[in-house]
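The following paragraphs are a walk through a structure, to be read with the sequence and the coordinates on screen.

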Amino acid sequence: MNVRAYYAAQGMVPLGQKLGEIKWSLAILIALIACAGFAVLYSAAGGSLSPWAERQMFRFMIGFFILVGVACVDLRVWMALAYPAYGFSLLLLVAVEIAGRVGLGAQRWIELGPLQLQPSELMKIALVLALSRYLHGLAPGEVSRPFRLIVPLIMIAVPAVLVLMQPNLGTATLLAVGGALLLFLAGLSWYWIASTVAAIAVAVPSAWEFLLHDYQKQRVLTFLHPDSDALGAGWNITQAKIALGSGGLFGKGFLMGTQSRLNFLPEKETDFVLPIIGEEFGFFGTMLLFLLFAAVIWYGIQIAMTARSQFGRLLAMGVTVNFFLYIMINALMVMGLIPVVGIPMPLISYGGTAMMTVMFGFGLLMSVHVHRHITVPRHSSGMI
Amino acid sequence: MSSLDKKPKSRHATFSRRTLLLSGGMTAVFGVLSGRLYQLQIENGDLYLNRAEDNRINQRLLAPRRGRILDRFGVALASNRRNYRVLLVPERTRGGVVATLDALAKVIPINERLRAKALKDAATNKSFVPLVVAENLSWDDFARLNLDLPYLPGIQPDVGDTRDYPYTEELSHVLGYVAPVAVEDKSSAQDSAGEDQLLEVPGVRIGKRGIEKTYDIAIRGGAGASRVEVNAYGRVIRELDRNGGKPGRDVHLTIDRELQSLIYERLKDDSASCAVMDVESGDVLALVSTPGFDPNAFNVGLSPDQWNDLTLSDHKPLINKALSGAYPPGSTFKTVTALAALDAGVITPDTILHCSGVVSLGSHDFHCWKTGGHGAMNLRLGIKNSCDCYFYQVAMKLGIDGLQAAARRLGLGQATGIEIPGERSGFIPDRYWKQATFKEPWQPGETLVAGIGQGYILATPLQLCVLAARIASGMQVNPRIVHSLGTQKLERAAPEAIGFSPEALAAVREGLKAATTEPGGTGYPWRITDGQMAMAGKTGTAQVRVITKEERLHGVRSNESLPWTLRDHALFIAYAPIDKPRYACSVIIEHGAVNAHPQVQVARDALLLAQQRDILGRPSAYPVDSADAAL
């Protein structure tokens, strides 16, 4: 073992070298997708950089610096910060919940000076960090023991229920499914998995009855019968499908999408950004975007598989799976396969917090890659 | 499965295996997404493309220019006038619709009704939809509005088309009028020629009466369309393409506007009608019914007061009396009796019949109009003096069967088929009708009454004009009023001979000539003195009341002494010139039988003007004829 390898194993690598270790091909891939997003936002504004594209570019630039910065921080530091970050996020979620009860209606934001913070977005990262850290500390097979399992389940359930009460069904689903998949990756026994699936089958009808808000039920009903209310709540789905479908094989051409330009497409710059791509670039363009997404996920899996620490592996997969779930839920939603739940398309949709969260997540993924040679003892609690 | 978990394995191996499994799952999800994308964009792409086009494209129908109606010299009788309008676009106003209307009212007159309508429209439409605030502005108002436009944001001046009838009442019954489409118009259009999109154009007017109705399909043309791109809120972004539609075709009438005006002017204060036609071609040069109405008022919309004036007047301005008025033809019918008898051979022109002032049949006495009688009468004198007793005896010899057959040959008792809706067929009685209707046989006395054009017989003024034309020409002429549609000349078969012997026709014409050219003839005082243009004609009086025995004993009251509605109708049929007849004319003035014989004077002046215009040699202005001449 030469000196460099030793230092690498200890994570004591000079900053310049860390920058060199960053997987720039992945970074370029991410930037490519973001550029596609800029183009779509430019088109959605009728061929104008304002109001969306220029601000999105600025955010991406900041996000990119965050990515690089996060990547250069030692993985063990992130491990040490995992629980505090989770606790902080939970606190904010509760604060928002209280503010929401006191204030008016749904509250998802917290004002921190000039920054608008969405605790539910923060929680996506914090939960992955906290779960990875907890699961890192478990021996093989230990995860399936009830007293060990109960802790991560609570870690998932508390924020998920808080977010659901906001109400934000999409993010709650994302948290729950993302967390559950981490447990799966950590080696949860098939016995538990089967039991959970069975439990969900029982729980869904009662959740429908007691947990879902009226507007959420309406979304589901509208989804099941979109034509029953083609001009009302079904409008979004109907118009999104028309936009996508009318693109055909090669699309109507950049800036030529009538559905988006004439405002038939609702929320086109945020949740319904994919139909613009489908309309203007067709099946060909949309599949190309899917391939770019798949490549990013492929990179994520590679990074996870090559990390030497369980924490790094779980963190990398946690970030990757979250990214995947974003894409899946958004795409299924705009294609009319699941109800409208308000999940943006990562890197493409206009929105500051989502962009920061996603870039922060990629920063963690990069950090896992940069620090892939580090081994972390099972009982370590990280390093500040 | 649990056996796998019991075996202590490295966490890394488990993680890798599960990651692979998850990758498989993610790949499957991408497969589903791609499949769905394929289904939406490739399989159903055309369907969604159509729906996207439906979304963005609005078709707006455009009304083409309505064809004009022209007289025989090309004078426009119905045309399109510029309609100066004011539109208001609520979203472009400053300070709201109410403030803008207030400001507008200082420039042009805006009454309460218009104001209320504008506010209602503004409330029910999207704010970018232009509302019509006022229509048919005068040029002065419109010019003033344009001058003040910079201070009236949201106000748009606009120029549209509206139907214009420059000769208003004169031609109202011939031309008819146009009015907004009613629900039943749409259903009838569907029944006949399929749905006409034109009927869906907002504000479109279609022909409701007269020529406007008969030739509405040709005159209205085909709807055009403007395809515009709209956004999700319905705002027009731009026009994609425009098809102006098929312009309506012009209708060229056989009417001579100047002749029509002269006659209308002379009859406008009466309830009267007049027809003038070419005795050979059947071209109708004038078709007047008085009083008329202003067709422009129907286009704009009648007020209840105007409507009441039109419907409640005892002069009945809405009825086209020239076609729809059926009157006893009175003595004008004696021409028919004479021709029928000559044709049947029951008399010759020289047969002498005596008039003592009364003819008795059974217990009834039939009186001549001249108390004391005319003495010995042959056919010429019988017609000249309009001797009732002479024709009672002729009718008795002839019988009803010969009389009704001849009347039908001369065009009575059936519609002439002129191209104007609402024509009545008049009536010629016969034995079968009498038996069927009254369950009684025909009475010989009724034949006598029929012989002088009274009783059951009814004829329209146009039919009487045809009667005069057929006697004058000896041909079975039928009237027509439309010469051509656009450049398409409407051909019609040349008329056949009427089938009466030339001698019989000559004998009757001789009588008609005597009546208007020899002193003592019933029309002599109002003859055309220019021998080249002189007319031959027959007066008639249709009795409206029953003259009792008592009254006859003390002297029949003069029409002048009776209330208007009890006076007799005055009739006259004529043709001119005598030697080579060109024009036939009929006039009926309701309750107008006075000694001055105004009906004869009108016919005289009409026939005179028609001939003068003929002699002036004005070429016919039908575009087809001039095109034919060039070839």
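Two strands are taken as paired if DSSP finds at least two bridges between them. With that criterion, strand β8 (residues 224-230) of chain B pairs with β9(B) in the antiparallel sense, over 6 bridges. Within this pair, B:Arg227 stands opposite B:Asp241 in β9(B). The model is a predicted one, and what follows describes that prediction.

The pair belongs to an open sheet of 3 strands in chain B, with the order β1-β8-β9 and antiparallel pairing. Because β1 (57-62) and β9 (236-243) of chain B stand at the edges, each with a single partner strand, one side of each has no neighbour in the sheet. On average, neighbouring strands of this sheet are turned by 25° against each other, direction ignored. As a general point, strands of a sheet pair through backbone hydrogen bonds, either parallel or antiparallel.

Chain B as a whole holds 25 helices and 21 strands. Of its 631 residues, 43% are buried. Among the contacts in chain B with a separation of 6 or more, 75% are between residues 24 or more positions apart.

Further along chain B there are two hairpins to look at. In one of them, strand β11 (residues 272-278) of chain B is joined to β12(B) by 6 bridges, and the two run antiparallel. B:Ser273 stands opposite B:Ser289 in β12(B). The hairpin has 5 residues between its strands, and B:Gly282 in the turn has a positive phi of about 85°. Strand β12 (residues 284-290) of chain B is mostly covered, with 7 of its 7 residues buried.

Which residues lie on each side of β19(B)? On one side are B:Ala536, B:Lys538, B:Gly540 and B:Ala542, on the other B:Gly537, B:Thr539 and B:Thr541, and both faces are covered. The strand is joined by 7 bridges to strand β20 (residues 569-576) of chain B, and the two run antiparallel. One of the paired positions is B:Ala536, whose bridge partner in β20(B) is B:Tyr575.

Helix α6 (residues 119-136) and helix α15 (residues 352-370) of chain A have axes that come within 9 Å and cross at roughly 10°. Angles under 35 degrees count as roughly parallel, and α6(A) and α15(A) are therefore roughly parallel to each other. In the contact, A:Glu121, A:Lys124 and A:Ile125 of α6(A) meet A:Thr353, A:Ala354, A:Thr357, A:Phe360 and A:Gly361 of α15(A). These residues divide into 3 nonpolar, 3 polar and 2 charged. As for α15(A) itself, its 19 residues reach 26 Å from the first C-alpha to the last, close to the 27 Å expected at 1.5 Å a residue. Since 17 of the 19 residues of α15(A) are buried, the helix is largely enclosed by the rest of the structure.

The last step is the contact between the two chains.

One helix pair shows the contact in detail. The axes of α8(A) and helix α2 (residues 11-43) of chain B are 8 Å apart, and the helices pack at an angle of about 135°. The two helices, α8(A) and α2(B), are therefore oblique to each other. A:Leu181, A:Phe184 and A:Leu185 in α8(A) meet B:Phe15, B:Arg18, B:Thr19 and B:Leu22 in α2(B). By class, this contact of α8(A) with α2(B) has 5 nonpolar, 1 polar and 1 charged residues.

Definitions and conventions
Residues numbered from 1 in each chain as written. Chains lettered and ligands numbered in written order. Predicted model: local features only at pLDDT ≥ 70, side-chain atom pairs only at ≥ 80, totals over all residues. Buried ≥ 20, exposed ≤ 12 C-beta atoms within 10 Å, placed from the backbone. Helix = DSSP H or I, 4+ residues; strand = E, 2+ residues; numbered from the N terminus. Axes fitted to C-alpha atoms, helices over the stretch in contact; angles between N-to-C directions. Contact = placed C-beta atoms within 7 Å. Parallel < 35°, antiparallel > 145°, perpendicular 65-115°, else oblique. Nonpolar A, V, L, I, M, F, W, Y, C, P; charged D, E, K, R; others polar. Expected span 1.5 Å × (residues − 1).
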